[in-house]
Amino acid sequence: MVLLSACAYAQETPLKVISLDDLSFFKPQTGNWQIVGDVTMNPGIDIHQQVIKAPAGADKKNKKSKTVPVAEPLKAVTFVAGKGILLNINDEVKKDHIITTFEHGDIELELEVMLPKGSNSGIYLQGRYEVQLLDSWGVKNPKYSDIGGIYRNWETDPAKIYMGKAPLSNPAKAPGLWQTLKISFQAPRFDAAGKKIANARFEYVELNGVRIHDNVEVPLPTGGPVENNEKPTGPIMIQGDHGPVAIRNFRYRLMEESKVTASEITYKTYSGEFQDVSSLSTLKPVKTGTTPQLTAEIIDDENNYGVVYSGSITIPVDDTYQFVLATTGGTVMKLNGETIIDLQRGDVWRTHKVSRKLSAGTYPFEILNFKTASWMPPRLRLAVSTPSTYPKELQAFNSYPPSDNPTSPILIGVGNEPRLLRAFVDFKGDRNQRLTHSIGVGDPSGTHYVYDMETGNLACVWRGQFVDATPMWHDRGDGSFKPRGAAQFTFMNQPLAFLSSPIQAFPAMSKESEFRTKGYAIEESTGRPVFKYVYQGLEVEDKIYPDDQDRSITHEVVIKNRGTKTGLYYKLAEGSSIITLPDGSYAIDKQFYIKSGTPATVREVNGKKELVVVVESNVKYTIIW
Amino acid sequence: MVMNKRIKNFIAVVVFQSIFSLAVAQGVTEDDYYRIVTIPAPENVLLEVGGVATLPDGRIALCTRRGDVWVIENPGNENNHTPTYTLFASGLHEPLGLAYKDGSLYAAQRGELTKLSDTNGDGKADVYETVYAWPISGHYHEYSFGPKIDPAGNFFVSGNVAFGDEEWWRGESKRPMRGWVMKIHPDGTLEPWATGMRSPCGLGMIDGELFYDDNQGDWMGSGGIWHVKKGSFTGHPAGLKWTGVPNSPVKLTEEQFLAKIDERKVKKNGQYVKPENIVDEKPNFLYTMKKEFPELTLPSVWLPHGILGISNSEIIRDETAGKFGPFVGQIFVGDQGQSKIMRVVMEEVKGELQGVAFDFKSGFQSGVLRMNWGHDGSLFVGETNRGWGSAGTTNSGLQMLKWTGKVPMEMKTVRAMPDGFEIEFTRPVEKSKAEDLASYAGRSFIYKYHPVYGSPTVNEEKLNFKGVKVSADGMKVRIVIDNLRQYYLHEISLPGIRSTDGSSVLHPTAYYTLNNIPDGVKLLPSELSTKRSVSAIKATPVKTTATKSKAPTYAEIEPLLVKNTCTACHNVSKRQVGPAFTDIAKRKYANERIVQLIYNPEPKNWPEHETPMAPMPQVPRGEALKIAAWINSLNKEAAPNP
């Protein structure tokens, strides 16, 4: 019942890949950008720390942070040859930005980005409007200059100053991890005389799955544009002079406004409790007329009516066109004589979607509609789109207005003490992987987690706001909440188990007779919960707390009566790739790190890599993301 | 304070005078005897009450659907001093029950029974101990209720069924103990206790025996109260899925059940079809199926749907030793949808409990979910209607029901007799009226046992009152009826009965569930008064207006709306559980179409209402047409376009 946004529509067709097999999508540059097969960034090495070790290379006029070549032997960035990743390692000489050979106007863009500690880059839409890329790990109050910020410019003329816009939150990950960025951008609009009539606009920017800009205009180019002006098109530019950056899974879709039009619209209305459209052609209409736009406003009855709209649709170019027709009641739509929609039930409110390949030309259409259910008002929406055009709404606003009863969100924050809240949690957002005995623990520091009491497992961590409880507490609710932030999920099964061999899989969940949750106690000094469970007679206590300036979470597993039985394992992580870093930590799919207090091993079970420790006494590890 | 006292005295005089005059004028209301007092709460405290527990020091503890546990000091607003709220615990998963035991509070969350203890003495729980966790699938309807604590300290918790994915109307037990009552021992061991529950929101512990109530739904023709003994099967088959577990006290299997009764799982055009009421069929009843399934337990007391509630809740016995009025030892049952409280009295007949239900008190601000006794004998009523709808239009809150000290003219109880019933009153009756058979009316009926949502009342029959015997003190009346039917619900109305001071019976209708007819001595014809005056009570004025073509007035239609239980869910101009009559009028249905919708409702026409209407084919066609004409007369808009 809400108008579909352009992005929701566009996701139905795949994006074009900017191939990173070679550099053919980009203009030549001095060589700081290259194609590689894999890249690893040591999260412990700040690219600026190397300044001290290397001879000072001064580039004083630069307004942003300084950087110099990556020096041996302290390598923040290592890579292996191959394809698929665009990597910048700049030095004093080679520090070009990279610019696509193609230009774009409206565009939807997706990419994954990795930055080493302290690095700085940016992605410029049209080479002019920069979304900042920065190692902003752990920043609590992000500014325009943090990752995801729309950067400011440095003009002095008050008419040309743009101060940038901070992201709504900071979902940034730790250096060396892949972060996803999705951008929907609309170019500025110009009239025939070349005068700008609409500002450039970020329809949305999402970082690590979290929306950080929502329909914001950028009235002027940001700092350091490819040209200091505004144009209908421009290339994508990625900044290359402020430190290493790697990009992969780079995809885009060029978008434009649809030029589809509807004309010569006439209508006939009928009164009666119709069961189908068959009699509409034979009856005498109550009313006939013409209307400049399609609209259900011409129907005088609230219910028990029939209506026939006819007219022409002009298709500007050959393409595949999707027609989205939303109506209340039964509907038949004919296009160029072909019935493309047919649902003759008077008591339904449906959105029909149908696609046809069409050549440029003008086609007659007809929409026959009747309604026999009084609970819904007369409504009609017809939107036409192609894979590269936004839906063109062909109806009047009042023919399909937005709902007048929107839901106010129920957002739960954290006060001075930890906030605990039990709820169902959909693991990785998947309803089929619903955790049913889970609890969210919100910390005043802004670093939160979900613990699954059914398995004694730390299932999810995030920074930012706590949770959105609207799904649980609006109306009947479905018992679940959603983390408000870039939720980093771990794995689902019970992490502590006696295994008969080092290759035996962990049980998803032990039998009731072997595993019992005992709940939790609130630690008086911190207000934090200490979770307790009993596994095969072992009394286990789990303490979980923010660590390292609240950027990570440490999990201590204390077994009060460990005894001597061998074969007790604890799973710290699982993934398809687990690599060991120079500082002894582990990168899990380069999505997060684990630092273990005791030696861990990587094993492979059922095609998945697992990071496990043999439990001698207690377990302590830290999740860094 | 002086001022207060004077005002109080003044009010007392006014109240006394008005009661005196109203009683004479037949204008008495429930408020004269039991008054609802709303307990104020701080603005940011949202009391969507899921449980009410009374602490030994008189404080009241509440748990809310938002997971908080509040402890309220001075809950009764004594000395005009507003209560103080302390957050004892928070973060629970939609707890729908709260009980106190040995210094701790216990709450059933969706997935576990939790013991909340304050071990450091700061007034806040610091240990949230899992007593027992049960599996759930994560379906929204998998609410859990309780606990109720038995004299040995064991906990009883009940679990709602989930619903099907495609068959969204069918209650399903997707995990063990959904649709069950669990007995959980203090050491955390589970004893599966009974199954057959659909939505067992109300639990009650009376004399160490467990009772529960359910409300209409699939397989549940109407709400009612069941005496849940170990091994009971109360009717909804979903939980039978788990009777194969080794410690199941119920042995009936799903296969055995389905071999005898059709669950109407039918596909049409590749899609499951929701079962609807079949008007012309030879239906199953719970009692007929009990012959096939001995474990099937009949409700001790039906709470007829739409009359005595639509979504029954807490079951609590009056243990106030008279502080709450004349109904000591009797049972009160809340109702969420109708925002009211009913009164129930049970007796043992042939080894089984059965009994009678009355209306007691309506007009609560929101859905009545939980109740518990304050130390002054007031009844604390915890309320919520979010997502469920209720007659009370406030979303949530806490109210207190206080006895005013006056004894209403009521049927104190009704007992089954071999030849009829004995009615005991709270005040003596005027003999001349009580000995007049025209002062009595009644019918009997029953509900179907089928996979359809709810049931119409069926096999309806008027009761034949053959004679009456009034006790010497005027406190009891024996009525003799010659068409008692075992297992049927007997509706007995006393329109003509008056107390010796002229009061009519405040709630003049009793609903007795006659699962067993007692043996014993019948009254001799010589003992009976068989007088039947013609003038005492005439039929409703409806008949006299039947032939008029003009739409009936509200005064004419109100008795029909009440009699047919329409007003249980519909108000003239306000949205309640169902849409307002004026909103129905706006739909401009033809009268015939309204009649059709009364008989076979289409809840999908009203997607913003949470509780579907049950089919009401028992409404006589003539009355349904009159109601329809009246509804349409409410539409003040211009006639449809020509």
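A salt bridge, as the term is used here, is a side-chain nitrogen of Lys or Arg within 4 Å of a carboxyl oxygen of Asp or Glu. The structure above is a predicted model, and one such pair in chain A is K571(A) with E574(A), whose side chains meet at 2.6 Å, N to O. That value lies within 4 Å, so the pair counts as a salt bridge. Buried, in turn, means under 20% relative accessible area. K571(A) is at 1% relative accessibility and therefore counts as buried. E574(A) is buried too, with a relative accessible area of 17%. The pair belongs to a network in which salt bridges that share partners join K571(A), E574(A), R603(A), K608(A) and E610(A).

Now consider chain A as a whole. The chain has three helices and 44 strands. Its C-alpha atoms fill a box of roughly 90 × 65 × 45 Å, taken along the principal axes. Of the 625 residues in chain A, 54% are buried. Contacts can also be sorted by how far apart the two residues lie in sequence. Among contacts in chain A between residues at least 6 apart, 67% join residues at least 24 apart.

The salt bridges give some particular cases. Over all chains, a search of the whole structure finds 68 of them. In one of these, the side chains of E112(A) and R248(A) meet at 3.1 Å, N to O. This pair links distant parts of the chain, since E112(A) is in strand β5 (residues 106-114) of chain A and R248(A) is in strand β14 (residues 245-255) of chain A, 136 residues apart. E112(A) is buried, with a relative accessible area of 10%, whereas R248(A) is partly exposed at 23%. Another salt bridge joins E206(A) to R211(A), with the closest N and O atoms 3.1 Å apart. Here E206(A) counts as buried at 18% relative accessibility, while R211(A), with a relative accessible area of 31%, is partly exposed.

T222(A) is placed in the loop between β12 (210-218) and β13 (234-238) of chain A. With a relative accessible area of 1%, T222(A) is buried. Its side chain reaches the backbone nitrogen of E130(A) at 2.9 Å. Leaving aside neighbours within four places in sequence, T222(A) is in contact with several residues, among them Y124(A), R128(A), Y129(A) and E130(A). The contacts of T222(A) also include I150(A), Y151(A), R152(A), N153(A) and Y162(A).

R170(B) is found between β12 (162-163) and β13 (171-172) of chain B. R170(B) is buried, with a relative accessible area of 6%. The side chain of R170(B) reaches the backbone oxygen of E263(B) at 3.0 Å. Not counting residues up to four places away in sequence, R170(B) touches A162(B), F163(B), G164(B), D218(B), E263(B), R264(B), K265(B), P275(B) and P451(B).

The last topic is the place where the two chains meet. The size of an interface is often given as the accessible area lost when the parts come together. For chain A and chain B, about 3200 Å² is buried between them, 45% of it on carbon and sulfur atoms. In terms of residues, 34 of chain A are in contact with 41 of chain B.

How many residue pairs are in polar contact across the interface of chain A and chain B? The rule finds 22, with both residues at pLDDT 80 or more. The elements that give two or more residues to the side of chain A that touches chain B are β26 (419-426), β27 (434-442), α3 (470-473) and β34 (515-522) of chain A. Of these, β34(A) gives the most, with seven residues. The residues on this side of chain A divide into 12 nonpolar, eight polar and 14 charged.

Across the interface the rule finds one salt bridge. It is formed by E112(B) and R422(A), with the closest N and O atoms 3.0 Å apart.

Definitions and conventions: Residues are numbered from 1 along each chain as its sequence is written. Chains are lettered from A and ligands numbered from 1 in the order in which they are written. This is a predicted model: local features need pLDDT of at least 70, side-chain atom pairs count only at pLDDT 80 or more; totals for chains, interfaces and linings use all residues. Side-chain values use heavy atoms; hydrogens and water are left out. Contact means heavy atoms within 4.5 Å. Buried area is the accessible area (1.4 Å probe) that two parts lose on being put together, summed over both. A polar contact is a pair of N or O atoms within 3.5 Å; within protein, one must be able to donate a hydrogen and the other to accept it, and residues adjacent in sequence count only if both atoms are side-chain atoms. Helices (H or I, at least four residues) and strands (E, at least two) are DSSP runs, numbered from the N terminus. Ala, Val, Leu, Ile, Met, Phe, Trp, Tyr, Cys and Pro count as nonpolar, Asp, Glu, Lys and Arg as charged, and the others, Gly among them, as polar. Buried means under 20% relative accessible area, exposed over 50%, partly exposed in between (1.4 Å probe, protein chains only).
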